[in-house]
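Okay, everyone, thanks for coming. Let me put the structure up and then walk you through a few of its strands.

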Amino acid sequence: MEINFKMIAKCLYEFEDELAKELRELGAMDIKKGVRHVSFVGDIGFMYKANLSLRTAISILKPIFSFKISNEEDFYNKLNAYPWENIIDKDGTFAVESTVNSEIFTHSRYVVFRTKDAIVDRFRDKFQSRPNIDTDRPDCQVSVHIDRENCEISLNSSGDPLFKRGYKTATNIAPINEVLAAGLLLKSGWTGQCDFLDPMCGSGTILIEAAMIACDIPPNINREHFAFQKWEDFDESLFEIIKDSSLKKVRSFNFEIKGYDKAPSAVEKATQNVDNANLSEFITVKRQDFFESVKTSDRHLHMVFNPPYGVRLDVDIPDFYAKVGDTLKRSYPGTSAWFIVADLEAIKHVGLRPSRKIKLYNAKLESRLLNYQIYEGSKKAAKQ
């Protein structure tokens, strides 16, 4: 029986460092960073643990074979020659996903169709019957990655992307992706050692991810399904042991996590999602306009938020970001404030000098994660 094998954890652009650190802390071996992915080595139990516990991974792939291609026919023939019957039941279901960077293939959808053809044709030739396509919850999800002439075929052990945590039933206009929210928090240095505020919390994603980091709760503990649960070698008792072991590491949290939003509908949705995630004892959500708020304690405050922007909601960018800067200066001494900005012109209107500026992408929008250190009093006063 195969003990250790190579896996690939896919991630968002610029989160490779955070993902590699997470993998190291989980106990992965032979960690290697790539672009939007990190490869590593572990056993089947570690694959279960990675799916449950990684905050910045989008999916965990298990490579099964790779080859070089020179043309479309070559691609089809090599896929068709692989013994898919050892992996997919002839009466079962499968789906295909692809990422393509190649002059041979210019369209990822076409790669998906040709892969399906190669697999289905093999079954028809050998068994006169074929597995069906099921894009919703297939027995086997095949992942094709083509980089120039190199082709790697993997099984996706996650199924639905891992940002589908299972706690979010209510969303607002443009909810932040859970994996991105967790990544922003980790980049901001959030570990749960002080009070936390998301002053524009929307449907509560950043709050929930912040509480799960603070308490070391596995981010995907609320998910109902992973693709590996349909694999023939799925070991349910091992999976339950790993789940129990992960939950035993949960730690207590001795500070406050608060969320504000001025829209009653957002407060209602955030409260519902917090409840779904079983985190109501750690998170308080209330209706409050950030621009009319003040810091409620003398303790250090860590703030992370995703403000509205022109693409998502109609806001007057210069006025809005000037108010953000004014509110931080006036009402939030002793605060480390982090927020993501998709309109790069907006940074000029904050009226504060950011201490850090990190390039990211929010969906396809080039963005910056900004940090503003708001001191007790002015910097000048602090030096006297």
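**Strands and their partners**

So, D198 has G259 in β10 as its bridge partner. Keep in mind that we're looking at a predicted model here. That pair sits where β9, residues 195-198, runs parallel to β10, residues 257-261, with 3 bridges between the two strands.

Zooming out, which strands make up the open sheet? There are 7, in the order β11-β10-β9-β12-β13-β15-β14, and the pairing is mixed. At the edges you've got β11 (283-287) and β14 (356-362), each with pairing on one side only. On average, neighbouring strands in this sheet are turned by 20° against each other, if you ignore direction.

Then there's helix α5, residues 178-187, which packs on that sheet. α5 touches β9, β12 (301-305), β13 (335-341), β14 and β15 (365-374), and its direction makes about 170° with that of β14.

Okay, over to β8, residues 150-156. Why is β8 largely enclosed by the rest of the structure? Well, 5 of its 7 residues are buried, and by buried I mean under 20% relative accessible area, so that's what encloses the strand.

β8 pairs with β4, residues 57-68, in the antiparallel sense, over 7 bridges. In that pairing, P63 stands opposite S154 of β8. β8 is also antiparallel to β7, residues 140-147, this time over 6 bridges. There, I146 has C151 in β8 as its bridge partner.

Methods: Residues are numbered from 1 along each chain as its sequence is written. This is a predicted model: local features need pLDDT of at least 70, side-chain atom pairs count only at pLDDT 80 or more; totals for chains, interfaces and linings use all residues. Side-chain values use heavy atoms; hydrogens and water are left out. Buried means under 20% relative accessible area, exposed over 50%, partly exposed in between (1.4 Å probe, protein chains only). Helices (H or I, at least four residues) and strands (E, at least two) are DSSP runs, numbered from the N terminus. Two strands pair if DSSP finds at least two bridges between them. Axes are lines fitted to C-alpha atoms, for helices over the stretch in contact, and angles run from 0 to 180 degrees between N-to-C directions. Contact means heavy atoms within 4.5 Å.
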